[in-house]
Amino acid sequence: MPNNGQLTNFINNQWTPAREAEYAPIFNPATGERLADVPLSSASDVAAVIEAAEAAFPAWRRTPPEERIQFLFKFKHLLEEHFDEIARITTTENGKTLTEARAELRRGIENVEVACGIPTLMQGYNLEDVARGVDEFMIRQPLGVVAAITPFNFPAMIPLWFLPYAIACGNTFILKPSERVPLTMRRVFELLAETGLPPGVANLVNGDKRAVDVLLEHRAVRAISFVGSTAVSRYIYSRGAEFGKRVQCQGGAKNHAVVLPDADLETATQIIGDSAFGCAGQRCLAVSVAVTVGDARKDFRDSIAAMANSLQVGSGLDEAVQMGPVISPQSRARVESLIEKGVGEGARVLLDGRAAKIPAYADGYFIKPTILDDVSPDGELSRTEIFGPVLSLVHADTVDEAIDILSRNAYGNAASIFTNSGAAARRFRYEAPAGNIGINIGIAAPMAYFPFSGWKDSFLGVLHGQGRDAVEFYTEKKVVVERWLKEWSRKF
Ligand code: NAD
């Protein structure tokens, strides 16, 4: 980073100052300390990035897949070598604990590993003699320039849902990271450059909506991957489609965990607590509503309140801390106002984390774990993505009623059940209207070789991130029907 604290864009393997950008400050959420200034790149800055990616494409797509993945092997080793350094950057700019930052980087690296299988994953299929002497092939080819627009809550992992597959498939790639957490990817791109990846293959442009709009509208960008809130995902999906692009949009979430009376209470409490309060509730897979069924109500309520109350809140850089701050003062104010709304709707505050004071971090953006009981299943708290450390407790008399509560929710990112009954679990797996299902699992995060699914308002598109879906998304199918006449072969 230059001495003036102004970040730059990564174009053609060069860190390049934005030409006409305004700058926005970024802060450490635990301390309020200003970390750097991020450029909100102008249209001409973004156009320069796209041109670099476009110019690099012809040579990169001709580079054999086996050679392309050698850069990813080197990349993986560099990420491992700098593992803790990257995790510390993530904690500093995002606020999550070091343990959480390490975990997300681990999940990101998994995607680099899976993309190293591209020589196999990218294969097509064929059939001889579709008619006499006629053969047919399906081959996959890269699209060209592709771009990803990513959110603040997983600065390391989410860009890596896309980058490794995109370039392994032979595309050239542009990342527009969240302007609230640009430092993690800055370091990761420095490491990527050390692999010797040819200039223009992977680029990074900082910015906000203005930069995104250029990516959406530019003729050379063939595909857009987006992860963020549902409102923005709707905009990106429709705008991208208008400009003829292939688009996948992973949106917001409101995840439920159903607790049956036969669940192991201690395990369910620990896992649901980790899910609801980990990353200060700023995970798209966080459990936000626990639906207790029948007799599970009282025991679960008491045990989750005790667990949440025991969590140590503070700076994520302190290894003893179990929960960090939320991303910004605006986010804290929004979460606190949603709690207030819930109370207005009749919810009972079991644990109140508002106006949290962490003596050593008076300027941080902290909310302590909060639990609301007797929340109305159709009220604002049950409908709205809170994205903070707030767990709502809803009660149902039967499993049918619990599944019905889930079904009425607009989102469908994840849903979990806690039970010892195979039959109840099977029924839940079959009927729960969400793309990632957890059975006695609180954060149903798919491994890199499975798609990161998501339904309803949590996803727009067909092909998801990660694994085989990513390879489908980043390639175009070409079918070749071929005939060679016997007379011609006799000549040779
Ligand atoms: P966000 O929608 O505010 O921003 C995401 C990205 O979009 C950023 O890069 C931002 O610069 C850009 N952006 C913001 N407003 C825009 C606009 N009007 N036009 C064009 N681009 C715009 O999301 P966030 O606050 O950074 O992240 C939190 C959200 O992301 C939550 O809703 C969370 O559920 C969701 N999320 C979803 C998943 C998933 O897999 N479904 C994963 C992680 C996060």
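This is a predicted model: local features need pLDDT of at least 70, side-chain atom pairs count only at pLDDT 80 or more; totals for chains, interfaces and linings use all residues.
When I say contact here, I mean heavy atoms within 4.5 Å. Residues are numbered from 1 along each chain as its sequence is written, and side-chain values use heavy atoms, with hydrogens and water left out.

The protein chain is divided into domain 1 (9-251 + 458-479) and domain 2 (255-439), with bounds that come from an automatic or database domain assignment. Their C-alpha centres lie 31 Å apart, and 24 residues of domain 1 are in contact with 26 residues of domain 2.

The area buried between domain 1 and domain 2 is about 2000 Å², with carbon and sulfur atoms giving 59% of it; buried area is the accessible area (1.4 Å probe) that two parts lose on being put together, summed over both. On the side of domain 1, P29, A30 and S458 lose the most area to domain 2, together 25% of what that side buries.

As for specific pairs, 1 salt bridge is counted between the domains, a salt bridge being a side-chain nitrogen of Lys or Arg within 4 Å of a carboxyl oxygen of Asp or Glu. R102 forms a salt bridge with E319, and the closest N and O atoms are 2.9 Å apart.

Finally, α3 (83-94) and α4 (98-115), helices taken as DSSP runs of H or I with at least four residues, each supply at least two residues of the side of domain 1 that touches domain 2, and α3 gives the most, with 5 residues.
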